[in-house]
Amino acid sequence: MLKIAFIGAGSTIFAKNVLGDCMMTPALAEAHIALHDIDLARLKESETMLNNLNRNNGSKATIKAYADRREALRGATYVVNAITAGAFEPFIRGDHEIPRKYGLKQTYADTLGIGGLFRALRTIGPMLDFARDMEELCPDAWFLNYTNPMAILTGALLRGTGIKAVGLCHSVQVCAKELLEGLGMNAEGVHWRIAGINHQAWLLDITRDGEDLYPEIKRRAAARPGPHDDMVRYEIMNTFGSYVTESSMHGAEYMPYFIKNAYPELLERYNIPTENYKGWGNSRQEYWDRVMRELVNDVSIVHVRTHEYASYIMEAMETNTPFKIAGNVLNTGGLISNLPEEACVEVPCLVDANGVTPTRFGPLPQQLAALNRTNINMQLLAVEAALTRKREYIYHAALLDPHTSAELPIDKIKALVDEMLEANGDMLPAYL
């Protein structure tokens, strides 16, 4: 029987999206769905919600929650990963507030920067444990990773284990549509090419009926009055030539140009909030209240298939019907020829019964490849730190992070790393 294991199933809304998609897909509808989470209360809530959804879809699937991760993984065909390593208190808050003591402000702190580095270090250990279990219990399964920081985690998984894995994000699917709609332009019939790294992939071409839409996009972007939520991305597009896939709030902390203590006015000019994290604890409680009200306790719950890639990947593999995705994979053989081969890149991939086959994309424009490399430097060193357990690589990753290195001197960066290591305590292994 087809078995889909979902690790981190306490993320109830995301579990509904991904597993609800599977239930709505004929080739997957009769799967055994195995749920696992270390938060048993959240796990039970997701199980209740999915059982209601399954019953309303004809009870085709089998839903079972597992407290034992190994039993959830045993015999799996696909494994979906959506874990978060470290609760908001004290870890996510600490990812923001300890760097702020050193004068280092962040926005999301989940992909790059000091926050992204330590989120990665907390998460790689558990993910490698999953992978080792998979090597024993389901060696042929595909691992679909949705957890950030995507490039670091997927890169560590592919370099440190023998399992088949691909990293998935939804920023590529919505990039062109959101850009055009924000400028009052019609997104129907548009063709585009995107490649780069996760959260910093580039919309290289965008056309309709053979017409290049970039001149009109740039004209409208320059005329759009602020403040609005795309100001950083417009500036990068204007300066470097291409629009970037991830939001301005994310992108502002991946580069050294926007969050600077010497130029505090930039935050207002580019509409960059750096204190939103302070409300995340309250919003999380509001989130769970809404989940309980709208999902868990709704016995009539139904689902419409979303744009998340997971079910489409499984369907393509099960039916041998090709499907194209933007996947995060190792740059083996130079898929993007002017980025390092060890990097985890985001490129078009073909999915069918043979698995996920990345396409050879060729070179990026040099200025865009150069921007990617500044992020890749930190990502590769974070992977080295996790795989070797050497503290010096954590220092190196922090020292080469674009935002951190633009704000702090060497001694302060090292002191910040030491304080973060101490604050993360037992969430991290020993680093020599």
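Predicted model: local features only at pLDDT ≥ 70, side-chain atom pairs only at ≥ 80, totals over all residues.

Mentor: Start with the largest cavity, which is lined by A151, I152, G155, R159, E342, A343, C344, Q379, L380 and V383. Residues are numbered from 1 along each chain as its sequence is written, and side-chain values use heavy atoms, with hydrogens and water left out.

Now the terms. On a 1 Å grid over the protein atoms alone, a cavity is a set of points where a 1.4 Å probe fits but cannot get out, whereas a pocket is an open set with protein on both sides within 12 Å along at least five of seven lines; a lining residue has an atom within 4 Å of a point. Points are joined across faces, edges and corners, and the volume is the space filled by probe spheres set on them.

With those rules, there are two cavities of 30 Å³ or more. The volume of the largest is about 50 Å³. Two helices, α6 (150-160) and α14 (366-388), each give its lining at least two residues (helices are DSSP runs of H or I with at least four residues, strands are E runs of at least two, and both are numbered from the N terminus). The largest share, four residues, comes from α6. By class, that lining has six nonpolar, two polar and two charged residues (Ala, Val, Leu, Ile, Met, Phe, Trp, Tyr, Cys and Pro are nonpolar, Asp, Glu, Lys and Arg are charged, and the others, Gly among them, are polar). While you're at α6, look at the loop between β5 (142-145) and α6, where P149 lies: a cis peptide bond joins N148 to P149, with omega about 0°.

The second largest cavity holds about 30 Å³. Around it you'll find H199, Q200, W202, I236, V244, E246, G251, Y254 and M255, which split into five nonpolar, three polar and one charged.

On to the open spaces. The largest pocket contains about 1,900 Å³. Its lining counts 45 residues, with S11, A82, T84, R119 and R284 nearest the centre. Two or more residues each come from α1 (12-23), α4 (88-101), α5 (113-137) and α12 (280-296), and α12 gives the most, with seven. Sorted by class, the lining has 21 nonpolar, 15 polar and nine charged residues.

The second largest pocket has about 330 Å³ of space. Of its 20 lining residues, D229, D230, R233, S247 and S248 are closest to the centre. Here α7 (171-182) and α10 (248-251) each supply at least two residues, and α7 gives the most, with five. The classes come out as seven nonpolar, seven polar and six charged.

In the loop between α4 and α5 comes A109, a non-glycine residue whose phi is positive, near 55°.

That leads us to the packing of α5. It meets α14 at an angle of about 40°, with the axes 10 Å apart (axes are lines fitted to C-alpha atoms, for helices over the stretch in contact, and angles run from 0 to 180 degrees between N-to-C directions). The pair is therefore oblique (under 35 degrees is roughly parallel, over 145 roughly antiparallel, 65 to 115 roughly perpendicular, and the rest oblique). In contact (heavy atoms within 4.5 Å) are G113, L117, L121, I124 and L128 of α5 with M378, A382, A385, A386 and L387 of α14. Those contact residues are nine nonpolar, one polar and no charged.

α5 also packs on α17 (residues 410-424), where the axes come within 11 Å and cross at roughly 40°. That makes α5 oblique to α17 as well, and this crossing is right-handed. From α5, I114, F118 and R122 meet L416, V417, M420, L421 and N424 of α17, a contact with six nonpolar, one polar and one charged residues.

How values were computed: Left-handed = near helix turned anticlockwise from the far one by under 90°.
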